Amino acid sequence: MKKDNLKHRDINWLYFNERVLLEAKSADTPLLERLKFLAIFSSNLDEYFKVRVSQLRQIKNLDKKFRKKLMFKANSTLQHILQIINQQQVEFGKVIASTLSELEEHNIFIRNTSNFTPEQKNFLEELFDKDIKEACEIHDGNAILTDGALYLAVTHPNSEYSIVKIPTEEQDRFIALPGNGHQFCYVDDIIRLNIEKLLPTKEITDCYSIKLSRDAELYLDDDYSDVELVEKIYNSLDKRLFGQATRLLYDETMPSWLLDAMKRDFKLGDVDLSPGGTYHNLSDFFSFPAPEGTEHLQYVEKPALPHPELSFTDDIFKSIATKDQLVHFPYQDFKVVEDFLSAAATDPTVTAIKMTIYRIAKSSSLADAILTALDNNKEVTLFVEAQARFDEANNIKWGRIFEEKGAKVIFSIPQVKVHSKIAMVYRTEAEIEKRYAYIGTGNFNAKTSKIYCDHGLFTAHKKITKDLGQVFQVLERKLIVPKLKRLLVSPFTTRITFMNLIQNEINSALNGKKASITAKMNSLEDSNMIKALYRAANAGVNVRLIVRGFCCYLTANENPGDGMKENVFITSIVDRYLEHGRIYLFENGGNELMYIGSADWMTRNLDRRIEVLTPILDEDIFNELKHILTLQLNDNQKARVLDINNTNKKVSLNDGDTPIRSQYAIYDYLKNKLNENR
């Protein structure tokens, strides 16, 4: 093994999704929650085909001399990916079957056309006639299928077939049935039951589920001006629905003649075909109804905690001016962020609000606060990311609303995404302008804050807010290169600062001093950062990483090989909430440095996005965040080892070890601190 070898990101991502499937399979996961993990697995895989597999297909079609420069063979990579996915799909099917079987033990049933009672058939026929029939679309066999929509391929004699679109946008996917216990069915089966009513003039032999995934990227011309960017993106969104086909998911019981006909009609190759079960879009398990009386089959409720200071203060600005404040989601209430902006919107001494928006909720108190600020004649400047994949339309819609109300709205620069999670309030105090900042690891989105583990810093620190002011000047295109004292900002200082900090640890280790690098992130992919970690490990630096998603590091957890030292350990935590925070901690010769922010150690986050990371300077919140990080490092219930062979085995729990499930331990830690302070 060469030390500069890397795991392939697209292949390694599949082992992240396997960790999701393992949670769906785990007996420790409450039964109804297993359905949600199955939904996440399905949803993840759909997006993977739309984005990553699509990109590989594009590479495969490049001129040969350009493909050589990429240092890997797209076709063989694609074949390897599909082989792994097919294996995972088999396991996925087994987990679904076992989960549904267990649900039946608790009197929860998903019925189908083979076991509807006469009463249920009558109920479903009436429902079909009243609410479903008119919403069904019927097409000939060579229809243009919409990306991600569900269809039934209906077969007729003489190798003919029709296509019926299942109206999941108009109807819930799961329909409650009359009868004892808790009985449901897929809306798909209501259509199967009544299919002859849709095609009364044709003989029907059978029905098979199909779904087509299409390329999700928007391939825009490079010759547009900044002014035209938003219109280009907005007008291109429909292309996504009818882009290049990347995957046909089909019922594996389908006859070969029908599959051949669809290959021909939809212009598909063998690599585009994925056999599956009777039902697709199992991401709809997110919306599976939780029957009354089944609370024991769900996670125990853990309501968001109030923040010990910000949730009780009469003056949020005074609290932040007195001392930095750190918030942790979903453990603490996102309302503190909304309160910060709401207070700014109505405070007569506030003159301006500036913030970035990467993914805004379709409706939120945060948006209301911005509109209130505009009504109160505050100067509002918003940096809206128009290229946030799958959220383009919503972001552009809100950007236009804010613009119409008088905000200065700046949409993203071509080729550079604004991924930072920052806000600043300008306030006049004793005739002096004072700045109040928020720098976070997650989006300004109340909905996702309930399921994403993130951290956010409120501060009035002069050097930090001065730096952040320069970041906003860059975003307003008033400044090209910021002069920064405290913040790390991509694409300007993040990479070089992290490289220097790693080298500093290497120097300490070589001089016989204690040296360590502890980092938590979503993904680790940048080759130069990984090579620096290799050098650190071999110099004797203790490297401890938590990486939720894909990790391209060929870790030496168990099998060093080629002399690589074993002082690297990497784990991944997949649990009730989605780990999303980025935390970076360096020993720094005994004077520890810690940063939090929006950037992973990925090339795009270091070089092609506007990212902001802040140091944690307040001693109390430094210790609080380090304690939280330590709980995650010591997780021995939900953490899995990222080893060379991608085994995804759980962290070992030795005799005498205290079981630590970090997400629950963090909640208890913050709850205890709250009780102590109140």
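## First stop: a loop asparagine

Select asparagine 377: with a relative accessibility of 71%, this residue counts as exposed (over 50% relative accessible area is exposed, under 20% buried and in between partly exposed, using a 1.4 Å probe and protein chains only). Asparagine 377 sits in the loop between helix H12 (365–375) and strand E12 (379–384); helices (H or I, at least four residues) and strands (E, at least two) are DSSP runs numbered from the N terminus. Check the backbone too: phi is near 65° at asparagine 377, a positive value in a residue other than glycine.

Before moving on, some housekeeping. This is a predicted model, where local features need pLDDT of at least 70 and side-chain atom pairs count only at pLDDT 80 or more, while totals for chains, interfaces and linings use all residues. Residues are numbered from 1 along each chain as its sequence is written, and side-chain values use heavy atoms, with hydrogens and water left out.

Now jump to asparagine 158, in the loop between strand E3 (150–156) and strand E4 (160–165). Here too phi is near 65°, positive in a residue that is not glycine. Asparagine 158 is exposed, at 72% relative accessible area.

## Zoom out

Of its 678 residues, 57% count as buried. Take the contacts (heavy atoms within 4.5 Å) between residues at least 6 apart in sequence: 75% of them join residues at least 24 apart.

Most residues other than glycine have a negative phi, and most peptide bonds are trans. Proline 330 is in the loop between strand E10 (325–329) and helix H11 (335–346).

Serine 490 and proline 491 are also joined by a cis peptide bond, with omega about 5°. You'll find proline 491 in the loop between strand E18 (488–490) and H15.

## Rings

Which aromatic rings count as a pair? Those of Phe, Tyr and Trp (its six-membered ring) whose centres lie within 6.5 Å; planes under 30 degrees apart are stacked, over 60 edge-to-face and the rest tilted. By this rule there are 24 aromatic pairs. One of them is phenylalanine 498 with tyrosine 584, a tilted pair with 4.8 Å centre to centre and 50° between the planes. Phenylalanine 498 belongs to helix H15 (residues 494–510) and tyrosine 584 to strand E23 (residues 582–586), so the pair ties together parts that are 86 residues apart in sequence. Phenylalanine 498 is buried at 0% relative accessibility, and tyrosine 584 is buried with a relative accessible area of 0%.

Next, select Phe174, Phe184, Tyr186, Tyr279, Phe285 and Phe288: ring pairs link them into a cluster.

Then go to tyrosine 664 and look at what lies over its face. Lysine 302 is there at 4.5 Å from the ring centre, and arginine 661 is there at 4.0 Å. The test for a charge over a ring is that NZ of Lys or CZ of Arg is within 6 Å of the ring centre and within 35 degrees of the ring normal.

## Along H5

Colour helix H5 (residues 118–132), which has 15 residues. From first C-alpha to last it reaches 20 Å, close to the 21 Å expected at 1.5 Å a residue (1.5 Å times one less than the number of residues). Which residues of H5 are buried? Gln120, Leu124, Leu127, Phe128 and Ile132. They cover an arc of only 105° around the axis, so they are on the same side of H5; the arc is taken from the directions from the helix axis to the C-beta atoms. Pro118, Glu126 and Lys130, on the other side of H5, are exposed. Among the elements covering the buried residues are strand E1 (108–111), strand E5 (174–176) and helix H6 (187–193).

## Last stop: threonine 459

Finish in strand E17 (residues 452–459), where threonine 459 is found. Threonine 459 is buried, at 0% relative accessibility. Draw a distance to aspartate 324: a polar contact of 2.7 Å joins the two side chains (N or O atoms within 3.5 Å; within protein, one must be able to donate a hydrogen and the other to accept it, and residues adjacent in sequence count only if both atoms are side-chain atoms). Leaving aside neighbours within four places in sequence, threonine 459 also has contacts including Ile320, Arg435 and Tyr436.
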